[in-house]
Protein chains: 2
Amino acid sequence: MAYPELSAVTKIAVVGAGTIGASWAVLFLARGYHVAVSDPDPARETFVRDFVTSVLVQRTPSPADALSRLEFSASVEAAVEGADFVQESAPERSALKRDLLARIDAVLPADRVIASSSSGLSVSGMQSSLRHPERLVLGHPFNPPHIIPLVEVIGGTRTAPEAIAWAVDFYRLIGKHPLHLKKEVPGHVANRLQAAVWREAIHLVMEGVATVAEVDEAVRFGPGLRWALMGPHLTFHLGGGAGGMASFIEHLGPAVQTWWDDLGSPILTEETRRLLIDGCLAEIGDRSAEDLRRERDRLLSQIVALVEASPIL
Amino acid sequence: MAYPELSAVTKIAVVGAGTIGASWAVLFLARGYHVAVSDPDPARETFVRDFVTSVLVQRTPSPADALSRLEFSASVEAAVEGADFVQESAPERSALKRDLLARIDAVLPADRVIASSSSGLSVSGMQSSLRHPERLVLGHPFNPPHIIPLVEVIGGTRTAPEAIAWAVDFYRLIGKHPLHLKKEVPGHVANRLQAAVWREAIHLVMEGVATVAEVDEAVRFGPGLRWALMGPHLTFHLGGGAGGMASFIEHLGPAVQTWWDDLGSPILTEETRRLLIDGCLAEIGDRSAEDLRRERDRLLSQIVALVEASPIL
């Protein structure tokens, strides 16, 4: 199947108008596309318009032009009509996603790629009942997608290599950092890494070693700074001095193994949930979520600009 | 015990002249202190002087002044003589550290604090044979200590609260971000979090989901950017939208639990070691370690300046 020339793409459908869908819409609008957003809840139109406006006002001299390219529909079929690409960002519920993808698949010409933003569902599972399973890929972003560059891309057992290649090229064209994974595993790559660090972060809170806010500080003023620049492996390679990773493993490998053996395995009980929620509320104090979100986006944009202008590799 | 007035501190002994010791020396020199470095290997003097010079040349208009405040000695007793504070950064071997700490303890007046940079040894264990165990604290930095703000501070069972308070105040005075942990656990806080993320990072490489370089990319262009700004808990609290952490757990908690259940537990076998070393070499290509280290320090300094000028909390 020949998918559209990238230069011929003009309209993108964003299916699902939650936090992720609205952020995708901002990105596509900022790149000059017509964007049709759909959500069964008509009240989401106001949310999307307000979100898009609040972000675009800070980023472009002419938000009115971008806003004129945004449509909203309660019908997924209407939004998908004439779209050159579909980015599905519905809630993370398997049955709901399958139903929605089937509806998109039923009306969208076979030569258009559909990407799912799913955090953890497998493409192989989601595509099984599609008429054209070969054009379904994962396009998993990180919140907020209009700022964080990473998109994880992978196909399922029935996805065509051309669809994967198209999605990778398209994401790269619009300034994202697509990463084509080699094997489907639950949670893909980055969410597994986040789950790993969060699991131990929760354990340390539950054990009374540090508060929610202190664990966050330990990351923000410590390893988080290196991860933003190098990731976990390169951080340790450079930590090994002239001997690199070999030297790091020789000197710290045995210690790391003892820490691994001691890591915790908390589960999200009601008690854990309570501690985490209270800990977050104590951490943010009297700051509003809206204020923090704006500040996060401002600072994240600066960090992204810095590492993209001059990546270490 | 009354420890020195912070304003009266003039000389600091840095025991152990490896990567960490040399970086501590840079920081103390840049803050105007006299610094006496000791290492049993006299060849380390050249390493330290070269390292200090190469960093200071970029940071201060008068490196000669700072260099004139640096002494080197093969004898730990000579370095510690007259010191107002000792930062021990010897290799991470228990017997060696205990011996060295006992020698420092034997000659240093009782009213001076000793901090160990140990990555994972417990203070309670290290202090057991000291004459003045109450003045030993952990002062665990992150490489490179002259740039990364975090220092984890904790006492052992026999450490005086005043010694901990003194170390916290001193580190804060010189611009570090000290974090006083509440409970001794192997690897403290940040190294456990690093171990958790690295364990899964290794697992994903071993499973063929992504290469060493790709796993690093997934972090650098994805969650690493958010960790640098917010840490793991606040990232998810803001990811939960208006509902915060409660909403995040409600929507993604069940998925996270399934990822936790699927995380890997690799061990550092010869095969793992080989894959990681080869993966790091492939990742850096023809870049020299020295070039990467310089670039890392330049970019890290910029990220630190950004988040310290305007922390999200």
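A charge sits over a ring if NZ of Lys or CZ of Arg is within 6 Å of the ring centre and within 35 degrees of the ring normal. Take R44(B): its charged end sits over the ring of F47(B), 4.2 Å from the centre.

Some ground rules. This is a predicted model, where local features need pLDDT of at least 70 and side-chain atom pairs pLDDT 80 or more, while totals for chains, interfaces and linings use all residues. Residues count from 1 along each chain as written, chains are lettered from A and ligands numbered from 1 in written order, and side-chain values use heavy atoms, without hydrogens and water.

Now the aromatics. Rings of Phe, Tyr and Trp (its six-membered ring) pair if their centres lie within 6.5 Å; planes under 30 degrees apart are stacked, over 60 edge-to-face, the rest tilted. Over all chains, the structure holds 31 aromatic pairs. One of them joins F28(B) and F170(B): tilted, 6.3 Å centre to centre, 40° between the planes. F28(B) is in helix α1 and F170(B) in helix α7 of chain B, so the pair ties together parts 142 residues apart in sequence. Helices here are DSSP runs of H or I, at least four residues, numbered from the N terminus.

Next, W166(B) and F170(B). Ring centres are 5.3 Å apart and planes at 10°, so this pair is stacked. Both residues lie in helix α7 of chain B, four residues apart, about one turn.

Buried or exposed, F28(B)? Buried, at 0% relative accessible area. Buried means under 20%, exposed over 50%, partly exposed in between, with a 1.4 Å probe and protein chains only. F170(B) is buried at 0%, and W166(B) is buried at 7%.

Conventions
Helices (H or I, at least four residues) and strands (E, at least two) are DSSP runs, numbered from the N terminus.
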